[in-house]
Amino acid sequence: MSKKHKLFASTATAALVASAIVPVASAADLNDFDSVPAYAQEAVQHLADNNILQGDENGNFNPSQTLTRAQAAEVLSKAKGLEATGIEDFSDVKEGQWFYDAVVATSPEFFEGDGTGKFNPNAQLTRAQAAKVIVLAYGLTGEADLSNYSDLKDVPAWAEEFFATAVENKIINGKTATTLAPNAKISRAEFATMVKRAMDTEVEVTVESVSAVNDITVNEGEKASLPETVEVTLSNEEKAQNEVEWDVTKLDTTKPGVYTVKGDVADTDLEASVKVTVVAVAPEVTGVSAVNSKQLVVTFNKAIKESTVISNTTTGALVANSVAVSRTVADSNNPNKSVTSVTGSLSEDGKTLTLTAAASTYFDGTYAIVLADSIKATDAQKLDAYAGTVTASDKVAPTVSKVEFNPSTGNFEVTLSEPVASTPDVLRVNGTPVSGLAPVANSNNTKFTVAKPASIAAGTTASIHLAGTADYAGNILTAFDGSVVVSDDQSAVQVVSTTQISSNQAKIVLNKPIASSDDTIDAAISALIDGQSVTAANVAFAKDTTDKSGKTIIATFNTGYTAPNYFYGTASSKDVTFVFANEQIVDVYGKKLGTATQTVTMSKDVTGPKAVSTKVSTDGSYIEITFDEVISNLVKGADNSNITLRKDGVAVAMNGSDADVVIAADENGDNKVLRISPDDTADLTAGTYTVRLAAGTVEDTHTNDAAIVNVNTTVSGTTTDLTAAFANLGGNNNQFQVTFSEAVDSSALERTNYTLDGTVLPEGTDIYFADSSKTLVNIVLPTDSVNFGTVGGSASTNNARLGVSKVTTSAGKVVVTNSATVKVEDNTAAELQSASLVGNNIIKLTFNENLSAFSSSDIADIIDDLVITDGTNTFAATAVASGSDAATATSSVSGKDLIITVTPGDSNWATVTGASSVTVKTVDTGDGDIQDANGVEVKADKSVTLTK
């Protein structure tokens, strides 16, 4: 067998071994080195020179002296450079003994105890034990044939595999040519030789290079699957797979672009890299569903820009013409089902739009829903216009999701699982009826509030019973019986912090929500500047309406203190002290703020606003310059003379309209954006635009002028989208033609680039170009691929949604993902599943789908599509004897069952059906009267065994 070596695949591991081999002595220092057997001299010299083996107190090596287990542990721990990192629980190994560290370092990986909790440090090491610890210490592998050794029977069972490996690696050559002497004690010279041989098997292998990692392409929003390992080339020309830890902190798969991701390769100082390309995807509707009788949910594949679909986030009013909902068939008995007006709310991640039916209308039936391509994603891409239907049938009763106590308002707040038609009229708190429950504005009747009864003490738990309403589909609210904890924070009210907001505003934060009114707060706080009280007219204190926690007070210096100097005078900063009157401000738990003072150093803002970014507006008609602070004044000059606009270096005339240069809010609602357009009614054409604002064109709220602004932005040239239109091919169901707006490549013939009702086209679909210009693609579905349709109606009325994506032109342009309604018909035959004999003369055939009505008393029509046989005889309706009666039969269909009642007459019915084994088989030799519910003949050549 070949020799096996343990490979160290990293320089770190090799360095660890090397660090343990530090010359500290020499074999020449040993008094008895000449007595070391010739076979062991090289090993002893090497181990002594490297301070692995040492002489005794007299300077002798004692080569023939036997080795103890403790001494062997000492040698291996030094040879391997091991440290004692744990605590070994041997009763005869104690901290402080010379061998303690060596035993701990080598156990239990190499050495084990005797099973009674002892290590036996002074016991002499046997050759079998030496084979085991060396094989384990050096990770040796391989297995030699030991059958030639005469004393193999003496090798302990546990040691045989270690001996085989040691012999294979030439660590042990046998005590003699034919003996192993496994139980003989081992000498110091022998052990030194074995260890040196094991050390020689170690081959230092380093990593030379890291193989390149294939580029990765993912669609926007998808997760990039980076490889867990990379292939490395070792110095011995072998290959290995090393783990890699990728640094993905700068990889953002939500934003299209090309990213280079680097990673540290384990056990090396090398680095791997991979290029990740994130491809932009067009926004599209991925689903529409009715979640209850009042609400529809539309899901998108990427975040939608809220302002393109919702015009008022408070009321939920939608942008005009962005969404349309209508009932496909009006219900004259209940006009409230004819929903035409909806409000909307967008989820935090921008991917879910919830539409709520307005006023008393609600969803019940089928509704058409249309979303216009004026809706855009947050990256400004237009939504693929969507038109579809959704069916609502709410059978689920509304429930109470939670009841909470809001200490800021002192109210109980009830949240329901869905909108209800009216305010619940049954509310009992601790068994006592409570009135005043009222809906929360703009909650769509999903949230209600009522003042906590005075009888309910803070710090207690109140029982709640709520009932007495229904959703718009008439499902009655499930009565709620639960409890609510009335919180009671009796800790002291304290001022937590005071910070500057702007030149004339500061923010004061308390540790608990404030119950006091603004008038009380304003009267309870005063301000000192330069040791002088600020008159009440010059400073106002009020709760911060934007802080939902209710803990913040805003101090505003006004009236006598005006921009730009306010109260600073010639100073650049001032210390402002706020004084809080004793027990005037009260928190929501009734605790009062004691006398307190807070001082903050406020600095005068003397810096004008600075432009920080420039871009084209999402509607394509404005250049938007964003500043680092709120801008409050705009000095345009006559006919916008302070503003110069150039396109590709050529001046562009400004028409002077106020609508063409305006201050606008950024995404946080702050007026930090200046919008500029030569004509606000038209989109900017392609080119590079330069905007120059004269000094002082804009200023901040403290009248600091902006310096001269020079910015550039580029408007990309418009590119015609690759689009696709759909139609049935020649009016045929299950055959379609896709018309592309320009020539496409072979990707248009890929089945996986098309879907039918959201599922990839089936295997066997025939797809081919219908013209030499490669703009027309024909699609023909295979047999047995469509298994739905209008039961009892015309197959031509069956609709399906054909979609296309990922088709490209030779130039790499990708088709705009799209879908449209096409006509399909059932082409999947029903299959016979089982047959049973009911009584003597009634046979029931069961198929895997519903059958068309089939009622006949003509036995020829009934059985010409079937073969009933016992293997020898086949049922025939004809009479056996001349002049006798032939068999007759009637048939009927019940769902998936065809039931045939036979009157045998003088036929062979009894003979065939009375046999021990009878087979029923469908055939296509008859007139095809047995059909599924959509008129497709049942599948032929399907056999089943008749059960009786």
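Which residue just after H3 takes a positive phi? That's glycine 81, with a phi of about 65°.

What you're looking at is a predicted model, where local features need pLDDT of at least 70, side-chain atom pairs count only at pLDDT 80 or more, and totals for chains, interfaces and linings use all residues. Numbering starts from 1 along each chain as its sequence is written, and side-chain values use heavy atoms, leaving out hydrogens and water.

Back to H3, which covers residues 69–80. Helices here are DSSP runs of H or I with at least four residues, strands are runs of E with at least two, and both are numbered from the N terminus. H3 has 12 residues and reaches 16 Å from its first C-alpha to its last, close to the 16 Å expected at 1.5 Å a residue; that expected span is 1.5 Å times one less than the number of residues. This helix is mostly covered, with 9 of its 12 residues buried, including Ala72, Val75 and Leu76.

Buried means under 20% relative accessible area, exposed over 50%, and partly exposed in between (1.4 Å probe, protein chains only).

| Residue | Relative accessible area | Class |
|---|---|---|
| Glutamate 143 | 53% | exposed |
| Glycine 926 | 28% | partly exposed |

Glutamate 143 sits in the loop between helix H5 (127–138) and helix H6 (160–168). As for glycine 926, look in the loop between strand S57 (919–922) and strand S58 (943–947). From asparagine 504, glycine 926 is 422 residues away in sequence and 96 Å away in space, C-alpha to C-alpha.
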